[in-house]
Amino acid sequence: MLSDKDIKKKYLPIFMKDPDKYYPTRILKEEGFLRGICDSCKKAFWSTENGRKLCGDPACVPNETFSFIGKSPAKNSLEYKEVWHKFSKMFKNLDYTPVKRYPIVARWNPTMDFTNASIAAFQPYVISGEATPPANPLIIPQFCFRTVDIDNVGISGAHNTVFNMIGQHQFVEKEKWDQEKVFRDLYKWMTEGLGLSKDELTIHEDSWAGGGNLGCCMEFFSRGCEIGNQVYMLYEQTETGVKELKLKVLDMGMGMERNAWFSQGANTIYDATFPQVLKKIFNISGVKYDKAIIQKYVPYAGMLNVDEVEDIGRTWKEVASKVGVDVKELKENVLPLAGAYSVAEHARSLLILLGDGALPSNSGQAYNIRVMLRRALDFVERYGWNLDLREICEWHAKDLRVTFPELQENLEDVKKILNVEIEKYQATRQKSKQVVKSIITKKKTGVNELIKLYDEKGISPELIKDEAEKLGEIVEVPDNFYGLVAEKHEKSERAQRVNKKLDVDLEGIPATEVKYYDDYSVLEFNAEILNCSGKYLILDETYFYPAGGGQVHDVGTIEGLKVVDVVRQGNIVVHILDKDCTLKVGKKVKCKIDGARRLQLSQHHTGAHILNAAAKRVLGNHINQAGAHKSIDKGRLDLTHFSSLNEKEIAKIEAEANKIISGDTNIHLEFIERGEAENKFGVGIYQGGVVPGKMLRIVNIPEVDVEACGGTHLNNTSEVKLLKITRSSKISDSIVRIEYVAGKAAKKELGKEDGLLGEAAEILCIGKKGVAIKASEVFKFWKFNVKKKKGIPIEYSGDVEDLSDKEILEKTAHVLKTQIEHVPKTLKRFLKDLEEN
């Protein structure tokens, strides 16, 4: 398969050769536009100017770069929030349905971690036809995250890390496809929504490719600014070549920030997007700059795009020359201002990302969240500004509350995460100063060394540069440093389950009718043998659960033969026996599943859903499942969280889980079409990965948790009986692991020893329904009361940490036995204390 860049290059001449077939040329001609070929880029474009030689793209006409600043040709000047409200009102009248934005964390999309365009909300399943869209046609204000522009933020005046792409989308069969209609709708926005004269527009013919799809597109430009891009997604690129899509897809994207900026003619995109936030930042920071110099600079700021300039030093000189000052004076004015813009922009991005459940990490694209956060903190530190990122996030949330109220609802979670990250940053900075001198002295300050130091120790290149200057040394930091770091971490590190491949011929065997979705308690059934080869046996239908979704397989017997493993191969379930199969194909056989094992696995699997919900209630909305494993002995749940869990948090999560269990709630299991499920329950149904297929099996615990899941589940929460957290650990920078037991395994954990030990465990569970208390916690409580001289005798006065679990349990049991008259009152007091804290 060709790369997106190569396939675009290959198909553009094809599209240009027959414009009437691929582009809405009839409407353009009807509106008085003329087709030309750009002398510079050689691409076709449309304008009302006869004989025009250049297309108006800034790359072809550098003097037109952002020439709308201070003199916008748009008659309607729109505030940022006003853009979406006016656009959605207009398009609603054109029969489009406005839909709420999707989270910026793309849990429904297996091909990406974060949405990078409005169409990403509907990839891959809506475009492939496996899911229905929430409306058709629709418009959406979708936040997107792109890290490649991080070095340009502030400097160019035009770039954002997080921006809102307003999408105009349609997914229809070929017979219903109406290119002229959708083009005219967008043209109406340009001429009536923004109030642009057609003479101010140039419309480019181009090609587009991405996500395995391909099509032609029309780009709308005015005075060096691209306002929107309407893509007609017609083909898909496969291993065997380019094929026509079953659905014709409209993919128009235009920046909400860009439209506000263009319509206002403001100095920068930041001044147009969040002016009130900037006003507060400028007042507090006292950032100083020569307004006359900046006014001359902003029309040329776009030239300093580090991604498109080969020699950035030479470009700085060129811009300084146009402004009429030397490079030093220009940078002295531009860089502090760019820093203030960056702090404002990065704070807004963090509010959106963290509020939607993203967490900074040391790997994958989430690492770029930490890069952005630390870049903002570096600006604050370098210029000595009394600015607090948490407070700036609050300003942004208040500013956006009408259009995006969820940002204010999630603000406290955002602040908690920022607290942890700021503490890490400050600790790292203190340590950094101790090693920087050594680094500079040893001349280990090349680009690769700087990236390594930033990655491994969190030492910013600016800190090294500043310290080097104090020592009379010069350290060169590339202008695209953070882009280089982002590029290194751009690849996602998604863990993928490796399916077990079996040496068995499945040719001609029909799909197995799986019955384990219906009722976990069905343990005996009859079925017909379709294939019997060696130790492998295939039935026409089965209740045996094959390993998958983090849950281990069932065991049992088929006609008395032991089933030791069950594996799914595509849509066929293979039962693996402990010895070669002697049964004949076509025979009706009696099958029996190990009931105790099935119950325990189901308790652990339903327990995982309950524990996930409990953790979200206790810790915040950023909690999502990152992985899970359910075996006979225990369950393991990996959750997205920014710090290790302390004892109080673990106790609260456990208590909340048992409260849910004791709620005696019926669990609903049903298959729902993917699009309908997303519309009804949201994309939070995807926990720990995306479930494939058009129909999703939804496990719904009303008012508690809803997930797309194929595991065996109980019929009621009370069937879990009891859940006990046995261990918690931090397995990566943004993931904590909780190990737990449920049902019989939980009771076994609480009553490990016979006699006094079992008696102690029973007493510990009595105090309050739904709360399981560790013996060590009770022992610590007793010890605390002895220290406070509350008169409860105890034989041990040493450090409880010196004792093994067994010794702690034994001593607690002894106390409970010898001081039984104190038990009810003391346990009640302990439970109350546990609940309050």
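The model is predicted, with local features requiring pLDDT of at least 70 and side-chain atom pairs pLDDT 80 or more, while totals for chains, interfaces and linings use all residues. Residues are numbered from 1 along each chain as its sequence is written, and side-chain values use heavy atoms, without hydrogens and water.

**Sheet**

Helices (H or I, at least four residues) and strands (E, at least two) are DSSP runs, numbered from the N terminus. β19 (residues 635–640) and β24 (residues 735–742) pair in the antiparallel sense over 6 bridges, and Leu-637 stands opposite Ile-738 in β24. Contact means heavy atoms within 4.5 Å.

**Helix pairs**

Axes are lines fitted to C-alpha atoms, for helices over the stretch in contact, and angles run from 0 to 180 degrees between N-to-C directions.

| Pair | Axes within | Crossing angle |
|---|---|---|
| α9 (residues 275–285) and α14 (residues 389–399) | 10 Å | roughly 150 degrees |
| α4 (residues 80–92) and α7 (residues 256–264) | 8 Å | roughly 105 degrees |

α9 and α14 are therefore roughly antiparallel (angles over 145 degrees). Val-277, Lys-280, Ile-281 and Ile-284 in α9 meet Ile-392, Trp-395 and His-396 in α14.

α4 and α7 are therefore roughly perpendicular (65 to 115 degrees). Tyr-80, Lys-81, Val-83 and Trp-84 of α4 make the contact with Met-256, Glu-257, Asn-259, Ala-260 and Gln-264 of α7.

**Thr-557**

Thr-557 lies in strand β14 (residues 556–558). Thr-557 counts as partly exposed because its relative accessibility is 27%; buried is under 20% relative accessible area, exposed over 50%, and partly exposed in between (1.4 Å probe, protein chains only). Beyond neighbours within four places in sequence, Thr-557 is in contact with Phe-544, Lys-562, Val-563, Lys-590, Cys-591 and Lys-592. Thr-557 and Glu-524 are 33 residues apart in sequence, with a C-alpha to C-alpha distance of 9.7 Å.

Definitions and conventions
Pairing = 2+ DSSP bridges. Parallel < 35°, antiparallel > 145°, perpendicular 65-115°, else oblique.
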